[in-house]
Amino acid sequence: MNFRLRIWRQKNRQAHGKLVDYDVRDISPNTSFLEMLDILNENLLQRGEEPIAFDSDCREGICGTCSLTINGEAHGPDHPGAVCELYMRKFRDGATITIEPFRVGAFPIVKDLVIDRTALDRIVQAGGFISARAGSAPEANSIPVPKHDADLAMEAAACIGCGACAAACPNGSAMLFTSAKVSHLALLPQGHPERESRVLKMVQVMDAEGFGNCTNTYECEAVCPAEISASVIAKLNREYARAALQRGAGE
Amino acid sequence: MIVAITGIILILFVIGHLLGNLQIFIGPDWINAYSRHLHDLGPLLWLIRLFLLATVIVHIYVTIQLAIENRRARPERYIDRQYVKATFASRHMVMSGLIVLAFIIYHLAHFTVRVTDRRFGLLKPDPLERYDVYSMMVYGFQNYYVSSFYVLGLFLLALHLSHGSSSFFQSLGLNDRKLTPRLAVGGRIFAWLLFVGYTSIPVAILLGLIKPAQQL
């Protein structure tokens, strides 16, 4: 298969970027999207040109490192799934494919398609943890967890922190990410000691990082590679209201 | 959350206002009596009007602020952009809202303050000495331009509410995974029912189904 790629090139954070056209030829339909970029980079290196910088790590959809906007969709057209799970057979032969980074103000571009997502780490640092006794693992059944809660917590915990939710959101909001972390811990007894302070602090840091606000368009859940449901955002709203009321009442 | 609560208040008003207006189909006696009842509320009516005005101002002020923050959150736009799930209505709430605001201002000038149509001052009271709201509405809507602007305003209101009337459940956390898609469908049906209900009035008048109760 042959493709015409229009790829965002940007030297560094300050520089102005632009789309540059590249042609790739004789690509097998079973090549993954990232392998196709690897092939292009090999060719660029052989020609003595600067290869395209892009992020990837596990290449099996579990690490959340790859982050491309392909033809205007975060992680490309094959939802649910990360870019690394996207194959070239999903595209028409001879197609023109536009590749941009995740565009969110809080994710500054480092180079080409590589972005700095440490804003998400700072949200987690604000409260996405539990205070646990260190040492050997406790007996598994010493803290009972209802099955329903465990299932919901597990679904929220599936978030791989890729940031596609914020990238796809018309408002650049990271609500799906933050709400997944908040819900995951709020649903489990281990997360209860910090339940109120966690949601208040994480939302505060999320806002301070310059993410936008949720207007319930649900674009986030449509592109989420971990299939996190936007119902966790409703859960976050409940948790926030509850925590704010308790704080207001002096508890 | 503030947007959701003020939105609910305004939705309740829109429902009540429609029910009041639909009395035009029952006849002049009903709607003129309804109007008289409202005006007889006196200070209470003004209290309600001020409350609604305050609600509108808060709703707009907060949403504009949110919209500015949202714009800042993505300083560099996508060159290519595809939406998978976000509806047209949900992405253009500010646009539809502001046009509805312009419509409301015109609507108040037209039928409440009655400054845009001089004929409304010439209307004689009805047999029971009440202001003839019935004939005012009929004469008002007989103008094609006026009616088209109303239909346009209502279309955008329905578009606004097709997202807004289910969105507030999410903002207030009053839903779950099963309920959300049903609420979204319900919200759309609700919004377009409102559109049909409201536009039925100018349409009926333009088709000549409702005639003025008095000649000018």
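Q: Where in chain A does A:Thr31 lie?
A: A:Thr31 lies in the loop between β2 (18-24) and α1 (33-46) of chain A. Helices (H or I, at least four residues) and strands (E, at least two) are DSSP runs, numbered from the N terminus. This is a predicted model, in which local features need pLDDT of at least 70 and side-chain atom pairs count only at pLDDT 80 or more, while totals for chains, interfaces and linings use all residues. Residues are numbered from 1 along each chain as its sequence is written, and chains are lettered from A and ligands numbered from 1 in the order in which they are written.

Q: Why does A:Thr31 count as partly exposed?
A: A residue is buried if 20 or more other C-beta atoms lie within 10 Å of its own, exposed if 12 or fewer, and partly exposed in between, with C-beta atoms placed from the backbone. A:Thr31 has 17 C-beta neighbours inside 10 Å, so it counts as partly exposed.

Q: Which residues does A:Thr31 touch, not counting residues up to four places away in sequence?
A: Two residues are in contact if their C-beta atoms, placed from the backbone, lie within 7 Å. Leaving out residues up to four places away in sequence, A:Thr31 touches A:Met36, A:Tyr87 and A:Met88. As for A:Met1, 30 residues apart from A:Thr31 along the chain, the two C-alpha atoms are separated by 9.9 Å.

Q: Which residues of helix α3 (residues 147-157) of chain A are buried?
A: They are A:Leu152, A:Glu155 and A:Ala156. Seen down the axis of α3(A), the buried residues fall within an arc of 100°, so they line one face of the helix; the arc is that of the directions from the helix axis to the C-beta atoms. On the other side of α3(A), A:Lys147 and A:Met154 are exposed.

Q: What do the buried residues of α3(A) pack against?
A: Their partners are α5 (175-186) and α8 (231-248) of chain A.

Q: How are two packed helices described?
A: By the angle between their axes and the distance between the axes. Axes are lines fitted to C-alpha atoms, for helices over the stretch in contact, and angles run from 0 to 180 degrees between N-to-C directions. Here α5(A) and α8(A) pack at about 65°, with their axes 8 Å apart. That makes α5(A) roughly perpendicular to α8(A); angles under 35 degrees count as roughly parallel, over 145 as roughly antiparallel, 65 to 115 as roughly perpendicular and the rest as oblique.

Q: Which residue classes make up the contact of α5(A) with α8(A)?
A: Ala, Val, Leu, Ile, Met, Phe, Trp, Tyr, Cys and Pro count as nonpolar, Asp, Glu, Lys and Arg as charged, and the others, Gly among them, as polar. This contact has eight nonpolar, three polar and two charged residues.

Q: How many helices and strands does chain B have?
A: Chain B has eight helices and zero strands. Of its 216 residues, 27% count as buried.

Q: How do the axes of helix α5 (residues 93-112) of chain B and α7(B) cross?
A: They come within 9 Å and cross at roughly 140°, which makes α5(B) oblique to α7(B). By class, their contact has nine nonpolar, five polar and no charged residues.

Q: How many residues does each chain give to the contact between chains A and B?
A: Chain B gives 29 residues and chain A gives 34 residues. On the side of chain B that touches chain A, α3 (43-72), α4 (88-91) and α7 (144-171) of chain B each supply at least two residues, and α3(B) gives the most, with four residues. That side divides into 10 nonpolar, nine polar and 10 charged residues.
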